[in-house]
Amino acid sequence: DRIQDGLVNENVFGEQAAKIFDQVKQIQIIACGTSYHAGMIAKYWMEGLAGIPCHVEVASEYRYRPVVIQQGTLFISISQSGETADTLAALRDVQDQILASLTICNVPGSSLVRESDLHLMTNAGPEIGVASTKAFTTQLVALLLTTLVIGRRFSLTQEKEREIVNALQQLPSLIEQSIAMDAEIEEMSQAFAEKHHSLFLGRGTLYPVAMEGALKLKEISYIHAEAYPAGELKHGPLALVDKDMPVVTVAPRNDMLDKLKANLQEVSARGGELFVFAGCTQNLQSAEGVHVLGMPEIPEILEPIVYTVPLQLLSYHVAVLKGTDVDQPRNLAKSVTV
Ligand code: F1P
């Protein structure tokens, strides 16, 4: 049921794209590393905001397993470089079975862009460092716009759409406010520089943000960092928490903080240090072993984008303290082409 022979090669806002989107029944997202975390967040948006069935998987697994592709599948690949070998191979493997392909990418003319029917460029400018940072936040904006465009054909209401567009207009100033937390985060980084392990917790769209925070710390400061959905702490990883294992939590809203309080007691009881990025700080004060970092009030839809910034700053400052090369970390290539 491919739309037409050959590639459409059009931006998501074009006429051909509209015809394709009219036929979408579900979405399959494929990506690696940081881009995969963006895909995980997009799944929450596609299903939660617009009722579009959406699957997401790392390309490095997807390409090596037998997959069932249902009729009407829009295949979305996300990649900063557009050259990641696993992502490209995954797309090539399914080309003949999908409705159409869309790539969200930062590099015009890259292989993934050339080989996809549709594209949405992130326009993040050149990523000077090897580890993806601004590519990630711009991928999220691109995925949110994609959710809006396709979501109109599903259950996304006009009211919700307006709310999202209004929220997006606040994004530049919210990002600036989170960057302004730099000095506070630099101080926080001292608690990590001498440590060998750390834990990141989050719920909902903030779980992939926790994963991204952990990945950045691993990539540029070489500290073992694991991310868990907040509710999973009691299902095993709590056994690891002690004074040598700082725990970072992203919990923007009150309902999250209420659930977090149990975690907090568990961590404190084990002598662990907890750092909480929270939006409703009146309900949670810093205390012995608990450091609350107050975030600006943020529309819920933007939480994963804005909360990513302080976690990126954290890994940056830890790396600087440790003296590692922030821009050229060891064992990491800008595009993994093998
Ligand atoms: C995927 C990725 C990046 C990571 C590093 C290696 O790249 O895993 O997330 O930071 O650059 O590759 P891409 O497909 O998004 O270019």
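Asparagine 123 is exposed, because 10 other C-beta atoms lie within 10 Å. For that word, the cut-offs run like this: 20 or more other C-beta atoms within 10 Å of a residue's own make it buried, 12 or fewer make it exposed, and anything in between is partly exposed, with C-beta atoms placed from the backbone. You'll find asparagine 123 in the loop between strand E6 (118–121) and helix H6 (134–151). Helices (H or I, at least four residues) and strands (E, at least two) are DSSP runs, numbered from the N terminus. Asparagine 123 also has a phi near 50°, a positive value in a residue other than glycine. Most residues other than glycine have a negative phi.

Before going on, a word on what you're looking at. This is a predicted model, in which local features need pLDDT of at least 70, side-chain atom pairs count only at pLDDT 80 or more, and totals for chains, interfaces and linings use all residues. Residues are numbered from 1 along each chain as its sequence is written.

Tyrosine 222 is another case of positive phi, at about 60°, although it is not a glycine. Its place is in the loop between helix H9 (206–221) and strand E8 (224–229). With 16 other C-beta atoms within 10 Å, tyrosine 222 is partly exposed.

Now for the whole chain. What does its secondary structure come to? The protein chain has eleven helices and eleven strands. Its C-alpha trace spans about 65 × 45 × 35 Å along the principal axes. A compact globule of 338 residues would have a radius of gyration near 20 Å, and the protein chain agrees with its 20 Å. That radius is taken over C-alpha atoms, and the globule rule is 2.2 Å times the number of residues to the power 0.38. Of the 338 residues, 48% count as buried. Two residues are in contact if their C-beta atoms, placed from the backbone, lie within 7 Å. Among the contacts with a separation of 6 or more, residues 24 or more positions apart account for 72%.

The chain is split into domain 1 (10–156) and domain 2 (179–322), with bounds that come from an automatic or database domain assignment. Their C-alpha centres lie 28 Å apart. The contact between them takes twelve residues from domain 1 and 13 residues from domain 2. On the side of domain 1 that touches domain 2, helix H2 (33–50) and H6 each supply at least two residues. H2 gives the largest share of that side, six residues. By class, that side of domain 1 has seven nonpolar, five polar and no charged residues. Here Ala, Val, Leu, Ile, Met, Phe, Trp, Tyr, Cys and Pro count as nonpolar, Asp, Glu, Lys and Arg as charged, and the others, Gly among them, as polar.

H2 turns up again around the ligand, where it gives the largest share of the shell, three residues. Which residues come nearest? Of the 16 residues around the ligand, these are Gly33, Thr34, Ser79, Ser81 and Thr84. A residue is near a molecule or strand if its C-beta atom, placed from the backbone, lies within 6 Å of it. The shell has five nonpolar, ten polar and one charged residues.

Next, the inside. A nonpolar core is a set of buried Ala, Val, Leu, Ile, Met, Phe, Trp, Tyr and Cys residues joined through C-beta atoms within 7 Å. In the largest such core, Ile29 and Ala210 touch the most other members of its 103 residues. Helix H11 (residues 303–322) provides the largest share of this core, ten residues. Domain 1 and domain 2 both give residues to this core, so it lies between them. Leaving aside neighbours within four places in sequence, isoleucine 29 is in contact with Gly39, Ala42, Lys43, Cys54, His55, Val56, Ile76 and Ile78.

Threonine 73, in strand E4 (residues 73–79), counts as buried, with 22 C-beta neighbours inside 10 Å. Beyond four places in sequence, its contacts are Gln26, Gln28, Ile98 and Leu99.

Glycine 204 sits in the loop between strand E7 (197–202) and H9, and is partly exposed, with 19 other C-beta atoms within 10 Å. Glycine 236 lies in the loop between E8 and strand E9 (247–251). With 9 C-beta neighbours inside 10 Å, glycine 236 counts as exposed.

Here are some C-alpha distances for these residues.

| Pair | Apart along the chain | C-alpha to C-alpha |
|---|---|---|
| Threonine 73 and glutamine 28 | 45 residues | 6.7 Å |
| Glycine 204 and isoleucine 41 | 163 residues | 8.4 Å |
| Glycine 236 and threonine 133 | 103 residues | 30 Å |
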